[in-house]
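Here is a short report on one protein model. Keep the sequence and the 3D view open as you read.

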Amino acid sequence: MRWTVVIAGAWWVALAQAGAAQAPLARVSGRITILEKRNKPSRDLGSAVVYLDGGAAPARVTAVEIVIADKEFVPRVVVVPVGSTVRFPNHDPFDHNVFSVSEGAHFDLGQYGRGEARAWTFTTRGLVRVFCNVHPRMVAFVQVMPTRQYTQPGADGSFTLEDVPPGRYTLRVWHERSAEVARELVVGPAGVSDLEVELDARGFRWLPHKNKYGDDYPTDAARERY
Ligand SMILES: [Cu+2]
């Protein structure tokens, strides 16, 4: 009789441990909106980045491209796990440069022409601003993520994060025209739905940045029409 109890107890412990290791993954969904100057509609909700900070799941490294075409980086915003490589092919019939002085990603890929591509591997989490030393209005944003719980919303602002292990997180929403919004979030086994996150872009103003030498761009470059 005593042995039966011991064996039953061992099974219970084993089952409990198996359950803890395979807790059901949850879904977190919601919608972002942006307060705009004069209540204008937001045209670029899809270029926001929504992510959960605090997740322990390692992110799988990816390789993505930001094409340079018509004096623009396309797409303007990419989200990649730490350790990922971004290629920058130049499709314009003239030279561009690719550089960054952001913390954790200081690089200068040099100046190169049509058909050429250069790449950078992003090894530090955080936001990286990428510029061209020839054209002052060219900008791309690389959001480097430490975990895999991240997404970009649809054009209507709706977002879904799949396969989230239940736990405590900080939900962060970033958009280039707003201060980042952070919210504490407890995700249970049933997940979280109908989150509403409002960003505020009413104070946004385009500010020129310095070139790769830390100087202002030449006036003729800054005045170039786009
Ligand atoms: Cu350029």
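## Ground rules

Two residues are in contact when they have heavy atoms within 4.5 Å. This model is predicted: local features need pLDDT of at least 70, side-chain atom pairs count only at pLDDT 80 or more, and totals for chains, interfaces and linings use all residues. Residues are numbered from 1 along each chain as its sequence is written, and side-chain values use heavy atoms, with hydrogens and water left out.

## The chain as a whole

The protein chain has 2 helices and 17 strands. Both are DSSP runs, numbered from the N terminus: helices are H or I with at least four residues, strands are E with at least two. Take the contacts in the protein chain between residues at least 6 apart in sequence: 62% of them join residues at least 24 apart.

Of the 226 residues, 39% count as buried. Buried means under 20% relative accessible area, exposed means over 50%, and partly exposed is in between (1.4 Å probe, protein chains only). The protein chain exposes about 13,100 Å², and carbon and sulfur atoms supply 53% of that area. Such areas come from the Shrake-Rupley method with a 1.4 Å probe; for residues, only the protein chains shown count as cover.

## The copper site

Which protein atoms are the donors of the copper ion? They are His-96 (ND1), Cys-132 (SG), His-135 (ND1) and Met-138 (SD), lying 2.0 to 2.7 Å from the copper ion. Donors are N, O and S atoms within 2.8 Å of the metal (3.2 Å for Na, K and Ca); water is not among the atoms, so sites may look incomplete. In sequence, the spacing of the donor residues is H-x35-C-x2-H-x2-M. His-96 lies in strand β8 (residues 96–102), and Cys-132 lies in the loop between β11 (126–131) and β12 (139–145), so the pair ties together parts that are 36 residues apart in sequence. Both His-96 and Cys-132 are buried.

The angles among the 4 donor atoms run from 93 to 135°, and the site is irregular. Here are the cut-offs. Four donors count as tetrahedral if all angles lie between 85 and 135 degrees; four count as square planar and six as octahedral if opposite donors are over 155 degrees apart and all others between 65 and 115; anything else is irregular.

β6 and β12 run parallel, joined by 5 bridges. Two strands pair if DSSP finds at least two bridges between them. The bridge partner of Pro-81 in β12 is Met-145. Pro-75 sits in the loop between β5 (72–74) and β6.

Ser-100 is in strand β8. Is Ser-100 buried or exposed? Ser-100 is buried, with a relative accessible area of 2%. Its side chain reaches the backbone oxygen of Arg-129 at 3.0 Å. This is a polar contact: a pair of N or O atoms within 3.5 Å; within protein, one must be able to donate a hydrogen and the other to accept it, and residues adjacent in sequence count only if both atoms are side-chain atoms. Leaving aside residues up to four places away in sequence, Ser-100 touches Ala-105, His-106, Phe-107, Val-128 and Arg-129.

Strand β15 (residues 167–175) holds His-175 and Leu-171. His-175 is buried at 1% relative accessibility, and Leu-171 is buried at 1% too. The side chains of His-175 and Ser-47 make a polar contact of 3.4 Å. Beyond four places away in sequence, Leu-171 touches residues including Val-50, Tyr-51, Leu-52, Val-181 and Leu-195.

## Two positive phi angles

Arg-38 has phi near 50°, a positive value in a residue other than glycine. Arg-38 lies in the loop between β1 (26–35) and β2 (49–53) and is exposed at 70% relative accessibility.

Asp-194 is not a glycine either, yet its phi is positive, at about 60°. Asp-194 belongs to strand β17 (residues 192–200) and is exposed, with a relative accessible area of 65%.
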